[in-house]
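I opened the model to look up its charged pairs and its nonpolar surface. My notes follow in the order in which I went through them.

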Amino acid sequence: MNRETTALKTFLDEAGQLTRFVFRFFREWYRPRYEFREFFRQCFIIGYRSLPLVGLTGFIMGLVLTMQLRPSLVEYGVESQLPAMVGIAIIREIGPVITALIFAGKIGSSIGAELGSMKVSEQIDAMEVSGTNPFKYLVVSRVLATTFMLPILVLMGDAISLYGSYLGVNIRSVTSFSLYWTQIFDNLTFSDVIPSFLKTFFFGFAVGLIGCFKGYYSNKGTEGVGRSANSAVVVSSVLIFIIDLLAVQITDIMGYN
Amino acid sequence: MTAVSIIPVLASIPELPDSTVLSIEHLYKSFGDNHVLQDFNLKLHKGENVVVLGKSGSGKSVLIKCIIGLLSVDRGDIEVLGYKVPELDHEKIDQLRVRVGFLFQSNALYDSMTVRENLEFPLRRHWIQVKAREVEEMVMSALEDVGLSHTVDMMPSELSGGMRKRIALARTLILKPEIILYDEPTTGLDPITGKEIIDLMVEIQKKYATSSLIISHDMNCVKIENARIVVLIEGKCYAEGRYEELKNHPEYRVKQFFE
């Protein structure tokens with residue numbers, strides 16, 4: 001078997017394994033016993049502890065985007081549209097995608113490494129021997145936590161980003177706080193907010209699922225743990241862009257663009 | 001400290017036909033072309049210590065994981081405390097695992113939990129109906145058995161290798177199992193600590209009248225008093241007997257373990 005055939009076989013094997021993993025998730029998540037305690041613990045770790053990073057990057061992103069957009073708008077004489085443009089750009093696209101990518105870097109890698117090290121140190125086997133379904137306890141709780149926490153983080157990140165943008169607007173001109181927000185909300189529509197908010201659930205699901213999948217099937221000792229963490233970030237980042245592309249196509253077909 | 005009885009929620013406990021608590025017959029297990037276990041047979045009786053001796057990669061850990069249902073078997077029968085392991089569903093295998101302890105080679109302590117939480121975990125997960133106060137008593141009693149009650153609020157990362165092994169043993173003991181499966185209990189420990197762990201295993205076996213199946217290649221394990229030794233070669237039970245018998249075995253492949 002040549003190298004290309006082996007690579008293709010490995011890819012197809014992994015795709016098959018991932019498909020079975022997804023089916024198993026949907027088979028197990030609604031069945032008792034429910035791991036509420038672990039779910040809320042993960043929500044705290046994944047959501048609350050990611051907030052400072054998401055907030056900081058969001059603030060910088062809003063500020064920088066505003067400063068970068070201003071010269072072009074000044075050239076065309078539409079500087080007054082700056083808050084509306086930044087607001088739409090952040091809420092529709094940049095906020096969800098950048099936050100999801102940061103989330104994939106922080107949470108996807110940490111889930112991949114945590115489950116990977118649990119796998120190689122036999123902690124997952126120990127859990128099974130202790131009468132626990134490790135898939136439910138470790139995978140279902142984490143995937144649900146990422147699915148529900150990322151949209152909340154995106155909402156907070158967007159809000160902080162718009163505050164950053166407000167600061168950026170006021171560096172070169174003076175705009176009141178109420179006028180700034182009025183300009184943003186006057187230009188936002190249902191089709192700007194809802195589709196971009198809904199897709200963040202899929203981003204969160206992808207990050208959690210890939211992190212858990214890579215960690216759960218980690219092998220080759222400590223080297224494998226590092227590889228799991230790394231590939232969890234790479235694969236989930238690519239998936240975020242693919243989901244984004246699909247979401248844009250779907251909203252376009254439905255006439256929301 | 002008063003001993004607390006464990007009342008697991010068991011639907012029905014099968015009756016044992018005789019003193020055999022674990023019986024393996026014609027067991028086969030392969031991974032692709034690697035035939036790890038081939039027609040392996042073993043019996044463990046109540047209160048007995050059996051040491052399975054074999055080289056690295058000979059299938060010792062695979063054997064012990066098949067017994068507890070962590071790996072499925074290709075062919076053959078495994079009967080533990082009256083349960084036919086290959087035929088058990090999730091509910092039944094959980095019932096069995098309450099009665100069978102497993103000490104992992106790597107200890108498998110949960111890194112994110114304190115020693116107390118590590119010990120409480122199997123109690124809470126097996127749906128055992130005990131009050132919070134009783135849980136605390138059981139945790140402290142198990143820790144006292146291994147001489148480490150002062151570590152109750154420490155994290156596993158703060159413990160030495162020997163202490164981690166003892167805590168893992170305490171976690172195994174907390175459900176008062178009838179059988180304990182030891183996977184390489186002295187691996188990674190210095191000879192003195194290894195000897196201490198073996199002494200502790202013997203002490204526990206006497207105190208709780210458990211049956212033990214010990215997977216090892218350590219000669220100190222083989223020398224456990226009255227232990228029956230099974231030599232695993234090429235996936236089969238190649239030789240069986242007491243230390244003194246096997247030490248003078250005519251077959252070199254058996255004798256070399258004792259040289």
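How many salt bridges does a search of the whole structure find over all chains? I ran the search on this predicted model and got 28.

**Entry 1: pairs within one helix.** I began in chain A with helix α1, residues 3–28. There the side chains of Lys9(A) and Asp13(A) form a salt bridge, with N to O at 3.2 Å. The two are four residues apart in the helix, so about one helical turn separates them.

In chain B I noted Glu120(B) and Arg124(B), whose closest N and O atoms are 3.5 Å apart in a salt bridge. They too are four residues apart, in helix α3 (residues 115–125), and thus about one helical turn from each other. Buried or exposed, what is Glu120(B)? I found Glu120(B) buried, because its relative accessible area of 13% is under the 20% cut-off. Arg124(B) is partly exposed at 41%.

**Entry 2: a pair across the chain.** Next I checked Arg253(B), which forms a salt bridge with Glu234(B) at 2.9 Å between the closest N and O atoms. This pair links distant parts of the chain, 19 residues apart: Arg253(B) sits in helix α9 (residues 252–255), and Glu234(B) in the loop between β9 (228–233) and β10 (236–241). Arg253(B) is partly exposed at 29%, as is Glu234(B) at 49%.

I also traced shared partners. Salt bridges join Glu38(A), Arg41(A), Glu114(A) and Arg142(A) into one network.

**Entry 3: a buried arginine.** I then turned to Arg166(B), in helix α5 (residues 161–173) of chain B. Arg166(B) is buried, with a relative accessible area of 19%. A polar atom of the Arg166(B) side chain lies 2.9 Å from the backbone oxygen of Val146(B). Setting aside neighbours within four places in sequence, I listed the contacts of Arg166(B) as Val146(B), Leu148(B), Glu196(B), Ile197(B) and Leu200(B).

**Entry 4: nonpolar surface.** Last, I looked at a nonpolar surface patch of about 1000 Å², whose residues include Phe190(A), Leu198(A), Val234(A), Ile242(A), Met254(A) and Tyr256(A). Which helix gives the most to the nonpolar patch? I found that α9(A) does, with six residues. Helices α8 (190–216) and α9 (221–253) of chain A each supply at least two. I checked Leu198(A), in helix α8, and found Leu198(A) partly exposed at 45%.

Technical notes:
Residues numbered from 1 in each chain as written. Chains lettered and ligands numbered in written order. Predicted model: local features only at pLDDT ≥ 70, side-chain atom pairs only at ≥ 80, totals over all residues. Heavy atoms only, no water. Patch = residues over 30% accessible without salt bridge, like charges linked within 9 Å, V, L, I, M, F, W, Y side chains within 5 Å. Areas by Shrake-Rupley, 256 points an atom, 1.4 Å probe, with all protein chains shown as cover. Salt bridge = Lys/Arg side-chain N within 4 Å of Asp/Glu carboxyl O. Buried < 20%, exposed > 50% of the residue type's maximum accessible area, 1.4 Å probe, protein only. Polar contact = N/O pair within 3.5 Å; in protein donor to acceptor, adjacent residues only side chain to side chain. Contact = heavy atoms within 4.5 Å.
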